[in-house]
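Here is a brief report for a first look at this structure. Take a moment with the view below, then read on.

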Amino acid sequence: MEAVSGTGLGHLFVTMFLTGLSGCIVLPAITDVTMAALCPGQDQCSLAIYLTGFQQAATGVGAVVLTPLIGNLSDRYGRKALLTLPLTVSVIPLVILAYNSRGANFFYAYYVAKTFAAMVEGCVQCLALGYVADKVAEGKRASAFGILAGVGSASFVVGTLAARFLSTAFTFQVAAVLSMIAAVYMRIFLKESVAGERQPLLKEDEQFCENDSSPTTTVTAPFKRLPSLGDLISLLKCSPTFSQAAVVLFFNSLADGGLMASLLYYLKARFQFNKNQYADLLLINGIGATLTQLLFMPLLLPAIGEEKLLSTGLFVSSISIFIYSISWSPWIPYALAGCSIFGVFVRPSICSIASKQVGPTEQGMVQGCLSGISSLANIISPLIFSPLTALFLSEDAPFYFPGFSLMCLGLALVIAFIQSIMIRADSSKACGKINSNPCRDALV
C-alpha cells in the first residue's frame, strides 16, 4: 500500500469497488438466466453460445473506437468528466433484469441494452489506469496498477460470495442499486487527478497558432484532436517495447475473450455446473487474485520486475488452460482455480510497461490504445471460439474432444508467453508527444 499512500486514490478505489461489485454479482447467474430464456430445461444450448459470442464481438467493435477516443479526451478534459458516461449507462441493463429476470422478452431487452452499454463500460478501466498514472510516480506505478486490479478482484470476491446466497431476481436488483451508488459517489467525492489543467468538455476552445496573433475559436476543434489510426501506428513504430506489449496484450485478450465465451458453457455441458458451482469456482479465483494483487505483487515487483512477472503469469495460465481442456472430473476446475494467483500478474505488468513509454499528458491515450487493442481481440475471439465451442460440445463434433476450443486458447497464451520473454522494457520516453502540433487539427 506504500505505492498509493498520500496520493488521494481512496475515492477512486471505492468507485471501482462499487462498479466491479455491481457487475460481478450477476456473473454466476447470467448463464442460467440466458439458458432459461433461450433453451429452457436443457444443459447444452448452441444459441446461447452464439449470442454470447456475438455480444462480445459487437461490444468489441464499439470499444475499439470508443476506448482510445475517451481515453484521449480524458487527457484534455479530465478522468472524472469522462467516467460519468460509462458509469451512467451501465445502470440501464441491470435495471431491466432487476424488474423481470425470467421473461424471455426482458432477457432480449437486457441483451440489446447490455451490448450497447458494454461498448463504453470498458472505458472505466482505462480511465482508472490513467487516473492512477496521474497520481503515482513511475517507479511505483506497477504496484499501484496491481493494487487497482486487486480492488477489482476484491469486488469480484464479494460479488461472487453475495451471488452464492442471493436469489437470481434479487441479485439483479442489488446490482442495479450498487451501480447507481457508484455513479453518484464518483460525481460527489472523486476529485480530478490534475487540478487546474482540465477544461470543460463542451467549452469553446481558443488556440493561438505560431506566427498568428489572432485566436482560433471553435467548438469542434477538441473532437478533431482525437486519436487517429496514424497516432496508434506512430506509437507502435517509435516504441518497440510498446509494440511488444501490444502483441502480448492482443493474444492474452484473445484467450481471455474466448475463455469468457466458452468456459462456463463447457462446464455446464461437461459436468452440469449450475449457478452455485459457478459462484464457488469464481470465488476461489477471486480470493486468490485479490491476495496476490494486494499483498504479493507489490513485494515481488521490486525484486523481479514487470517483465518476469508478466512471463510467469502467461506461462502458468497457459498450462492451466491446457489442463482445463482435458478435465476428467468436476474437481479439476476447482484445483486449477488457484492458478489465478499467477494470471493476475499479466494486465498490470503490461499497463505499467506501456505507461513508461509516454509522458504524463498522454497516459489516457496510451491506456485507451491498450484497451482498444484488447477490444479488437475481443471482436475476433468469439467469432472463432464460440462456433468452435458449440461444435465440439454438440453431437456433430468431428471427433470427441469437448475441450478442444480451450486447448486452442492455451496455444494463444503460449504465443503471448514467447513474445513476453523478448520484452526489454525501459522508461525512456521514446515517443515524445504523439500529438505534437495542436494548431494543425484546429485549422483542418
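Start with Leu129, which sits in helix α7, residues 123-135. Leu129 is buried because its relative accessible area is 4%, under the 20% cut-off.

Which residues does Leu129 touch, beyond its neighbours within four places in sequence? The contacts are Phe145, Leu148, Cys351 and Gln367. Another residue to look for is Ser355, 226 residues away from Leu129 along the chain. The C-alpha atoms of Leu129 and Ser355 are separated by 9.4 Å.

## Aromatic pairs

The count of aromatic pairs comes to 8. One of them joins Phe107 and Tyr111. Phe107 and Tyr111 are both buried.

Phe399 and Phe404 make an edge-to-face pair, because their planes stand at 90° and their ring centres are 5.7 Å apart. Is Phe404 buried or exposed? Phe404 is buried, with a relative accessible area of 19%. Phe399 is partly exposed, at 41%. Elsewhere, ring pairs link Phe107, Tyr108, Tyr110 and Tyr111 into a cluster.

Helix α18 covers residues 404-420, 17 residues in total. At 1.5 Å a residue, α18 should span 24 Å. Its end C-alpha atoms are 25 Å apart, so the two values agree. The buried residues of α18 include Phe404, Leu406, Cys408, Leu409, Leu413 and Gln419.

Helix α3 has 32 residues, 46-77. Where does α3 bend? The bend is at Ala63, by about 35°. After α3 comes Gly78, with a positive phi near 105°.

## Confidence

The mean pLDDT of the protein is 75. Of its residues, 80% reach 70 or more. Two stretches call for care. Over residues 196-228, pLDDT stays under 50. The model has 66 contacts beyond four places in sequence for that stretch. Over residues 432-444, pLDDT also stays under 50, and there the model has 28 such contacts beyond four places in sequence. Where pLDDT is low, predicted coordinates should not be read in detail.

Key
Residues numbered from 1 in each chain as written. Predicted model: local features only at pLDDT ≥ 70, side-chain atom pairs only at ≥ 80, totals over all residues. Heavy atoms only, no water. Helix = DSSP H or I, 4+ residues; strand = E, 2+ residues; numbered from the N terminus. Expected span 1.5 Å × (residues − 1). Buried < 20%, exposed > 50% of the residue type's maximum accessible area, 1.4 Å probe, protein only. Bend = angle between axes of the 7 residues up to and from the residue. pLDDT = per-residue confidence, 0-100. Contact = heavy atoms within 4.5 Å. Phe/Tyr/Trp six-rings, centres within 6.5 Å; stacked < 30°, edge-to-face > 60°.
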